[in-house]
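My entries follow in the order in which I looked.

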Amino acid sequence: MISRREFLQASVAASALYGISGYGNWGKLAAQQTLTQDDLLKFDTFGNLSIIHITDIHAHLKPIWFREPEWNVGVGDVKGKPPHVVGKDFIEMFNLKPGSPEAYALTYEDFVALGKTYGQMGGMDRVATVVKAIKADRPDAILLDGGDTWHGSMTSYLTKGQDVVNVMNKLGVEAMTSHWEWTFGTDRVMEIVDGLPFPFLGQNIFDSEWDEPAEFPDYTWFERGGAKVAVIGQAFPYMPIANPGWMFPEYSFGIRDRRMQEMVDEVRAQGADLVVVLSHNGFDVDRQMASRVSGIDVILTGHTHDALPEPVVVGETLLIASGSHGKFVTRLDLDVRDGRMMGFRSKLIPIFSDVITPDAEMATLIDAERAPFKDQLEEVIGHTDSLLYRRGNFNGTWDDLICDAIMSERDTEIAMSPGVRWGASLMPGDAITREDIHSVTSMTYGECYRTEMTGEFLKVVLEDVGDNLFNPDPYFQQGGDMVRMGGLGYKIDISKPIGERISNMTLLSTGDAIDPARSYTVGGWASVNEGTEGPQIWDVVENHIRKIGRVALSPNNSVEVTGL
């Protein structure tokens, strides 16, 4: 008799062979320039229950360009496994056709050329169209939001997230979890949460003084398709480390997988037929948690912005990765009966904004939210002759530009830009608007500081961030990518332990080796330290772009990567 684990693995194999993931049909049609909305939404309804998953919107309400990473390095047991596969290797692994729309949507290969054919992606008015279409087919589908929703744009900064909250309420979200939401501060988070028409979940959010579960629900219930569904929330576990703890001192977070097991056991005891974890752990952390916590049927993963056309099976748990910035929506259909998940079909639906008709009501709402700021948003600051992107383990061109701006405007030898993943791309020839700059810089602690650091301390910083990214134990990976450096080159061997990964540090302006004992002038932004002083980073970047007029960046070869 086939085991449930074998059945799930066979289901994924069938997905690849027979198109259960839904990619085969629309890929062929789009390659012939006949892609339609019906092609994107086509789905053979399955089972008795549907879940719709979106995550990591980062407040991007309008269609955007978004280039996927060329670096997504896996270490230890996950080396070479999804999502740590990019470009041609990704195309080959998932049997995609080079030059096809799915290759464009899911990889960086030929991004500029294919963008001219397939256009921008995302837009919450297009997402609304997709959600309504799924609900027309499966009216009781559950819509879940994986967090990093309210933060990441100029309008979300100016409205303290209210514009995005209004859009998500209109979309019909039924539960969410959190990460960057907390950088608006406890008071603002609580103000928003008190008005939400759905639960703000987090089994791992604790009262920091009493070390006991905080007032947020651990889980919520849905009775859908004749099944009793428990959705457990998992907020980003490393909040006080990766983000400023002084903004939310009342709370602590953590992975808390032992308590997750208790929650799973609790909902099972209460009759849950299906257990879903709505998570913002990051893919590898969720993969490890799935191996340690039994009884989870589905983990809807977020935080690391991975987009996978098929689920990953860990034991008897499905991991679903739905990308970021409104670029994809996942539909997951499940056969739930006799108190367990018996089978599934899934589709990662790409939101091609030129193909999907905007939902009129949502488009009207988005335009109304943006109207008070329209002139500021659309003001042209300069133009770019280079592709501007941010996404990947090492430097992207947006951060190269930010580092150049810091060194120029703050008169420093070295610049540091945090390895955050959010922010849209710009194509060569595009105008750079103020909104575009905010797309990659807006945050509530964006002060651009100027300080001095010794060469020894600079190495400590690089070693620490490198271990955060390349520690073989996923529970020691706090998310984000390598800090982006301007004016400083280095070599990194990702196979080494902390303290031994970084070498050959060089001051690029002179070619001299970094002296451990010498102090260097350093500029940066997004410090987690309270009281950081300096101009806002978006003003620094805007001033720099105004001065140069047109952005033209040379290839950045300042980081040598070994140990792959």
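**Helix H19 and the residue after it**

I began at Gly 549, which directly follows H19 and takes a positive phi of about 80 degrees. The model is predicted, so I kept in mind that local features need pLDDT of at least 70, that side-chain atom pairs count only at pLDDT 80 or more, and that totals for chains, interfaces and linings use all residues. Numbering runs from 1 along each chain as its sequence is written, and side-chain values use heavy atoms, with hydrogens and water left out.

Helices (H or I, at least four residues) and strands (E, at least two) are DSSP runs, numbered from the N terminus. I checked the length of H19 (residues 537-548): its 12 residues should span 16 Å at 1.5 Å a residue, and its end C-alpha atoms are 17 Å apart, which agrees; the expected span is 1.5 Å times one less than the number of residues. I then listed its buried residues, where buried means under 20% relative accessible area, exposed over 50%, and partly exposed in between (1.4 Å probe, protein chains only). They are Ile 537, Trp 538, Val 540, Val 541, Glu 542, His 544 and Ile 545.

Just after H12, Gly 271 has a positive phi of about 100 degrees.

H18 (residues 455-470) reaches 22 Å from its first C-alpha to its last over 16 residues, close to the 22 Å expected at 1.5 Å a residue. Among its buried residues I noted Leu 458, Val 461, Leu 462, Glu 463, Asp 467 and Phe 470. The cover over its buried residues includes strand S16 (414-417), strand S18 (448-454), S19 and strand S20 (488-493).

Val 285 sits in helix H13 (residues 283-292) and is buried, with a relative accessible area of 2%. Leaving aside neighbours within four places in sequence, I found Val 285 in contact with Tyr 238, Ile 255, Pro 474, Tyr 475 and Gln 477.

Met 485 belongs to strand S19 (residues 484-486) and counts as buried at 4% relative accessibility. Not counting residues up to four places away in sequence, Met 485 touches Asn 395, Cys 403, Ile 414, Ala 415, Met 416, Leu 458, Leu 462 and Tyr 490.

**Cores**

I took a nonpolar core to be a set of buried Ala, Val, Leu, Ile, Met, Phe, Trp, Tyr and Cys residues joined through side-chain atoms within 4.5 Å. The largest has 123 residues, and those with the most contacts inside it are Trp 150, Leu 171 and Trp 182. Helix H16 (residues 397-409) gives the largest share of this core, 7 residues. A second, separate core of 28 residues includes Met 416, Val 461, Tyr 490 and Val 559.

For Trp 182, again not counting residues up to four places away in sequence, the residues touched include Val 189, Phe 200, Phe 216, Met 247 and Tyr 251.

**Packing of H9 on H14**

How do I describe two packed helices? The angle between their axes and the distance between the axes describe them. H9 (residues 162-171) and H14 (residues 360-370) pack at an angle of about 170 degrees, with their axes 10 Å apart; axes are lines fitted to C-alpha atoms, for helices over the stretch in contact, and angles run from 0 to 180 degrees between N-to-C directions. That makes H9 roughly antiparallel to H14, given that angles under 35 degrees count as roughly parallel, over 145 as roughly antiparallel, 65 to 115 as roughly perpendicular and the rest as oblique. Asp 163, Asn 166, Val 167, Lys 170 and Leu 171 in H9 meet Glu 361, Met 362, Leu 365, Ile 366 and Glu 369 in H14.

Most residues other than glycine have a negative phi, and most peptide bonds are trans. Ala 59, not a glycine, has a positive phi of about 65 degrees and is buried at 3% relative accessibility. Asp 148 likewise has a positive phi, of about 55 degrees, and is buried with a relative accessible area of 1%. The peptide bond from Pro 82 to Pro 83 is cis, with omega near 5 degrees.

Conventions: Contact means heavy atoms within 4.5 Å.
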